[in-house]
Amino acid sequence: MLRHALRRLLWTLPTLFGVSLLTFLVLSYVPDPTDDPLLATSLSSAELARLRRERFLDLPRFLNLAPLDVRLRALAAAQAIAAGGEGERAAAAELRRLGGAALPHILPALDGLAPEPRARVAVALAPVAARMGLPRAEEAAAPAQAVAFWARFWRDRGVEFRSASVRSAVRRLVRYGSASRAAELRELDTFALQPVLAALAPPRDAATLAQARALVDIAAHIAEVDDRIAPGDDLAEARACVARWKAFWNVYRSDFEVFTGPTRVAATVLETRYGKWALGAVTHRLGVAATGEPVLDELSRRAPVTLALVFGAIALAYAVAVPLGALSAASRGRRSDSAITVAVLTLAVLPTAMVAMAAAILSDGARSLLLPTCILALPLIAAPTRQQRAALVAVLTQDFVRAARARGAGTARAIVVHGLRNAALPVVTLAVLEPPMALGGAFVVERVFELHGLGELTLLAVQARDVSWLMAISIVAAGIAALGVIATDLAYVLVDPRLGTAVLTRRGGA
């Protein structure tokens, strides 16, 4: 049986993958806040494009047959500048943003352009030369000197634009640190961004804090993003800054890297909305929630509250429902049977929100989980009571129960000894279906009693279309449901060992 449970547990992995695909597909069709016309009118086109880029709305959902890398972006910008016209200014801004990472693709191609377009492209690189701090950078802004400036630069310094050289320079900076080594990386501009951010790790002590500060200063300079670790920042603030830079790299990585061979094949999946979410989930603790905290941290902090409510309410409801169902079956056709039916149906139809609000007022702001659990359990009593009654009535009509009663066993003994064990299987099966139904009520109860569980952040995620949180919730819920199915199989065998062979036969291929 243990081997069967382990097999079932392994099969949950492809199940969760399928759930993530389906959930992401559904969420991808939900209108994004950036689609709001009011937002579009209040923001500039560049700011709106940045927001959509950071939410990966510029990417296909699951498969990208033509992923863009720095080479394609740089050549497209150079062609737009060479052609002139309305798009020249935007293309020049794009070349400035791509920076040093574009130089290995732009500078060798300058000779293939006519003199005037060549000069325009060379002048468009002037802000890059200034940011790199190159000697005589002012020549790059003069149309008559720009082409010669960049030709001389590439002839003298082109050999430095090698990945291995940059990685060595980053290692030297991390190990020894100095202004000269930092200046060496600044002169490589965004070509050094990938190894710099690859070496950036959350600081653990004063030494690693200094290393992270040096790396972040270089990244902030060459990417022109004013997000640094200030001299007075503590470890928590430094880690938050590092996390923001990692999130930045997850969005803009393709702008500074070249896709070749295996990386281009991988980019067909990773450079998609689903691929970006999956990569962020693996590398950034399931992504960043609407609160700004990692999703995994929020889940670990909030899930115990919600799970305690849900499973506590289910346990309490079934603890009440099983004896009620037994009593109803024993007194079927009598007034007590009708009274139990009316009582549990009344509890089922009472709005959970109304009961919770009334209880919150009467409890005078008590923060215990006991009262919310009891309120959530009330509407859950009806279904297992009915199931327990129906199963017991069917069992009590069996020949072996009639024989026991003919030998002198009373109704109570027949129910306890013979009935409950044989009627347990339908009730156990029903219990597996309860958590999804109880979850919605748990969100209501959390809202009324101001409990900081999953419901609070889920509502916020729905409003903000926080895909990371909603995906995490759906996967966690699917995982719990899968574990519930496995637990049901084990419960079947524990209740009736004769079912072991049937369970293994029925589910062995799954």
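Predicted model: local features only at pLDDT ≥ 70, side-chain atom pairs only at ≥ 80, totals over all residues.
Residues are numbered from 1 along each chain as its sequence is written, and side-chain values use heavy atoms, with hydrogens and water left out.

**Largest pocket**

- The largest pocket has a volume of about 1400 Å³ (a pocket is an open set of points on a 1 Å grid over the protein atoms alone, where a 1.4 Å probe fits, with protein on both sides within 12 Å along at least five of seven lines; lining residues have an atom within 4 Å of a point; a volume is the space filled by probe spheres set on the points, which are joined across faces, edges and corners).
- Its lining takes in 47 residues, and Glu54, Ala247, Gly287, Val288 and Ser468 lie nearest the centre.
- Helix 1 (2-28), helix 3 (45-54), helix 14 (235-252), helix 16 (273-283) and helix 26 each put at least two residues into that lining (helices are DSSP runs of H or I, at least four residues, numbered from the N terminus).
- Helix 14 gives the most, with 13 residues.
- By class, the lining splits into 24 nonpolar, nine polar and 14 charged residues (Ala, Val, Leu, Ile, Met, Phe, Trp, Tyr, Cys and Pro count as nonpolar, Asp, Glu, Lys and Arg as charged, and the others, Gly among them, as polar).

**Second largest pocket**

- The second largest pocket holds about 620 Å³ of space.
- Of its 25 lining residues, Phe311, Pro435, Pro436, Ile480 and Ala481 lie nearest the centre.
- Helix 17 (295-330), helix 23 (411-432), helix 24 (434-449) and helix 26 are the elements giving two or more residues to this lining.
- Here the lining has 22 nonpolar and three polar residues, with no charged ones.

**Ser474 in helix 26**

- Ser474 sits in helix 26 (residues 467-495).
- Ser474 is buried, at a relative accessible area of 17% (buried means under 20%, with a 1.4 Å probe and protein chains only).
- Leaving aside residues up to four places away in sequence, Ser474 touches Val19 and Thr23 (contact means heavy atoms within 4.5 Å).

**Helix 9**

- Ala146, Phe149, Trp150, Phe153 and Arg157 are the buried residues of helix 9.
- Seen down the axis, the buried residues of helix 9 fall within an arc of 90 degrees, so they line one face of the helix (the arc is that of the directions from the helix axis to the C-beta atoms).
- Their cover includes helix 6 (103-106), helix 7 (115-124) and helix 8 (126-132).

Conventions: Buried < 20%, exposed > 50% of the residue type's maximum accessible area, 1.4 Å probe, protein only.
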